[in-house]
Amino acid sequence: MNYSLTKSRYDCIFHGPIWTLIIAILTLGIPFDSVRAQTGAKWIWSTNKDEALPNETVYFTRSFDLKDKVKSAQLYISCDNTFTAWINGQKVAQGADWNNPVSVNVSKFMKANGSQLLSIKGGNDNGNTAGLLVDLRVSLKNGKILAIKSDGQWKWSRKVSKGW
């Protein structure tokens, strides 16, 4: 399905309901929880996200393999409160307002084939609620799409570890 949307100076054509939702969120300010509901990404943290420590820093990693060359890769990310993200050791994004998710094309940071590493430093500036929400979509030259979402497969630590 193709969807069209026009808002002030924006004139965009979207392909498919999930991409429509994600791009609409970024351009129209729709709550980021709509992305979570549509993609299956979950808010994650070191412990229960409602029992976070004030001024806590958590280091998240998620490795994955690519079986072909990358056609395109888009990272959508939000963190309550701050984050910095790296792919394969290269800084790709940062943000400090969980109400305004970041979207960045990360195609050039992906290796042609093989193991990839997405690393995120998340910070809880205050309060006892924190969370990280991630959706990475990788389109491969062979037509397959790989979705890496924040879920229970991520590793985390309160200290930077070797190889992080």
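Strands here are DSSP runs of E with at least two residues, numbered from the N terminus. Two strands pair if DSSP finds at least two bridges between them. The model is predicted: local features need pLDDT of at least 70, side-chain atom pairs count only at pLDDT 80 or more, and totals for chains, interfaces and linings use all residues. Residues are numbered from 1 along each chain as its sequence is written, and side-chain values use heavy atoms, with hydrogens and water left out.

**Strand 9 and its partners**

- Strand 9 and strand 10 (residues 145–149) run antiparallel and are joined by five bridges.
- R137 stands opposite A147 of strand 10.
- Four residues lie between the strands in this hairpin of strand 9 and strand 10, and G143 takes a positive phi near 95°.
- Strand 4 (residues 70–80) also pairs with strand 9, in the antiparallel sense, over ten bridges.
- There, V70 has L140 of strand 9 as its bridge partner.

- Four strands form an open sheet in the order 7-4-9-10, and the pairing is antiparallel.
- Strand 7 (102–105) and strand 10 are the edge strands, each pairing on one side only.
- Neighbouring strands of this sheet are turned by 10° against each other on average, direction ignored. For such angles, axes are lines fitted to C-alpha atoms, for helices over the stretch in contact, and angles run from 0 to 180 degrees between N-to-C directions.

**Burial of strand 9**

- Buried means under 20% relative accessible area, exposed means over 50%, and partly exposed is in between (1.4 Å probe, protein chains only).
- Ten of the ten residues of strand 9 (residues 131–140) are buried, so this strand is largely enclosed by the rest of the structure.
- G131, L133, D135, R137 and S139 point one way from strand 9. L132, V134, L136, V138 and L140 point the other way, and all are buried.

**Salt bridges**

- Side chains of opposite charge can pair when their charged atoms come close.
- A salt bridge here is a side-chain nitrogen of Lys or Arg within 4 Å of a carboxyl oxygen of Asp or Glu.
- A search of the whole structure finds two salt bridges.
- One joins the side chains of E56 and R158 (2.5 Å, N to O).
- That pair links distant parts of the chain, 102 residues apart: E56 is in strand 3 (residues 56–66), and R158 is in the segment after strand 11 (155–157).
- E56 is buried, at a relative accessible area of 5%, whereas R158 is partly exposed, at 37%.
- Another joins the side chains of D135 and R137 (2.9 Å, N to O). Both D135 and R137 are buried.
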